[in-house]
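Visitor: Hi, I'm new to this one and would like a slow walk through it. Could you show it to me before we talk?

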Amino acid sequence: MSAKVYYYPSTGRANAVRLALSAANIPFEDVYPRSGFPPSEEDKAKWREIGGNITTNIPMLEMPDGKVYTQSSAIIRAIGRMGNLFPPNHGTDIEIMYTTEKLIEDAADLRNESYKSYLVWGAPQSACDAFIESVLPKHLGNFERQVEESNGDYFVGDSLTLVDVVCYDAIVNYGSFRVPGILDGFPKLQAWKGRVEEDKGIKKYLSSREYARLYKFGPESLGKPSNFRVNH
């Protein structure tokens, strides 16, 4: 049996969950609301029944044994434990613990800034332009610095960890998908992105039909044409 990821047929908040499951080699299937988006009251009632929260339940992960996890950041950390994705000594070395949690929060900061610039959700064009011209480059510069300062090919060491999964989601899903070409100005980050995408589990997922079918926010979400690309 496979785990079940409850969310919409888009990347969004569930993308990091799917990537973490893939990196951990935990089989899963997507379960979408029958009513589409926005979800019906029936779908939301079903999610409450499964997840138990009377507020937000998705993204939601249901394991084959019936165990259910809600709240995306908590789900991702749970998968990290299941799949041994945390850096070695994360539980005992305060510096490794700090670096891990700090980078996960850096990813959350970028994601939160990105949410302020979706034209379809009411953001003004000025906010979209600012995201392209200053907000995103500032955050990517911060990630570039940290991957360059790390002691290996990844953010924490020489092997892919949960940190890389979470940062990849923020940098790509909320960054370079929306602003194509932006990573050309950050060569260390571009090289790191390539290494993440070569992970066996992630590579398999990114080439899957299931991933190809997901809706991904592109330049249109910033009020730009689909062929928009920044030049360096």
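Guide: What follows is a conversation that starts with the overall fold and then turns to single places in the chain.

Visitor: Good. What kind of model is this?

Guide: This is a predicted model, so please take every value that I give you as computed from that prediction.

Visitor: How many helices and strands are there in the chain?

Guide: The chain holds nine helices and four strands, and read from the N terminus their order is β-α-β-α-β-β-α-α-α-α-α-α-α.

Visitor: And what are the spans of the C-alpha trace along its principal axes?

Guide: They are about 50 × 45 × 30 Å. The radius of gyration is 18 Å, which agrees with the value near 17 Å that a compact globule of 232 residues would have.

Visitor: What share of the residues counts as buried?

Guide: Of the 232 residues, 50% count as buried. As for the surface, the chain exposes about 11600 Å², and carbon and sulfur atoms supply 50% of that area.

Visitor: Which residues have the most contacts inside the largest nonpolar core?

Guide: Those are Phe155, Leu189 and Trp192, in a core of 66 residues. Helix α6, residues 162-176, gives the largest share of this core, with nine residues.

Visitor: What does tryptophan 192 touch, not counting residues up to four places away?

Guide: Tryptophan 192 touches Val147, Asp153, Tyr154, Phe155, Asp164, Cys167, Tyr168 and Ile171, once those sequence neighbours are set aside.

Visitor: Let's change topic. How many salt bridges does a search of the whole structure find?

Guide: The search finds 10 salt bridges. One of them joins the side chains of aspartate 106 and lysine 102, with 2.8 Å from N to O.

Visitor: Why are those two about one helical turn apart?

Guide: Aspartate 106 and lysine 102 are separated by about one helical turn because they are four residues apart in helix α4. In general, an α-helix has 3.6 residues a turn, so residues three or four places apart point the same way.

Visitor: Is aspartate 106 buried or exposed?

Guide: Aspartate 106 is buried, with a relative accessible area of 10%, whereas lysine 102 counts as partly exposed at 24%.

Visitor: Which residue forms a salt bridge with lysine 193?

Guide: That is glutamate 197, and the closest N and O atoms of the pair are 3.0 Å apart. Both residues lie in helix α7, residues 187-197, where they are four residues apart, or about one turn of the helix. Here lysine 193 counts as buried at 17% relative accessibility, while glutamate 197 counts as partly exposed at 23%.

Visitor: Moving on, what packs against the buried residues of α3?

Guide: The buried residues of α3 pack against α1 (15-23), β3 (60-62), β4 (68-70) and α6. Among the buried residues of helix α3, which covers residues 72-82, are Ile75, Ile76 and Ile79.

Visitor: Which residue takes a positive phi just after α3?

Guide: Asparagine 84 does, with a phi of about 55 degrees, although asparagine 84 is not a glycine. This residue sits in the loop between α3 and α4, and asparagine 84 is exposed, with a relative accessible area of 68%.

Visitor: What about glutamine 71, what is its phi?

Guide: Phi of glutamine 71 is near 70 degrees, again a positive value in a residue other than glycine. Glutamine 71 is found in the loop between β4 and α3, and at 42% relative accessibility glutamine 71 counts as partly exposed.

Visitor: One last thing: which residues make the nonpolar surface patch of about 320 Å²?

Guide: That patch is made by Ile94, Met97 and Tyr98, and tyrosine 98 lies in helix α4, residues 94-115.

Methods. Residues are numbered from 1 along each chain as its sequence is written. This is a predicted model: local features need pLDDT of at least 70, side-chain atom pairs count only at pLDDT 80 or more; totals for chains, interfaces and linings use all residues. Side-chain values use heavy atoms; hydrogens and water are left out. Patches are made of residues with over 30% relative accessible area and no salt bridge: like charges are joined within 9 Å, nonpolar side chains (Val, Leu, Ile, Met, Phe, Trp, Tyr) within 5 Å. Accessible areas come from the Shrake-Rupley method with a 1.4 Å probe; for residues, only the protein chains shown count as cover. A salt bridge is a side-chain nitrogen of Lys or Arg within 4 Å of a carboxyl oxygen of Asp or Glu. Buried means under 20% relative accessible area, exposed over 50%, partly exposed in between (1.4 Å probe, protein chains only). A nonpolar core is a set of buried Ala, Val, Leu, Ile, Met, Phe, Trp, Tyr and Cys residues joined through side-chain atoms within 4.5 Å. Contact means heavy atoms within 4.5 Å. The radius of gyration is taken over C-alpha atoms; the globule rule is 2.2 Å times the number of residues to the power 0.38.
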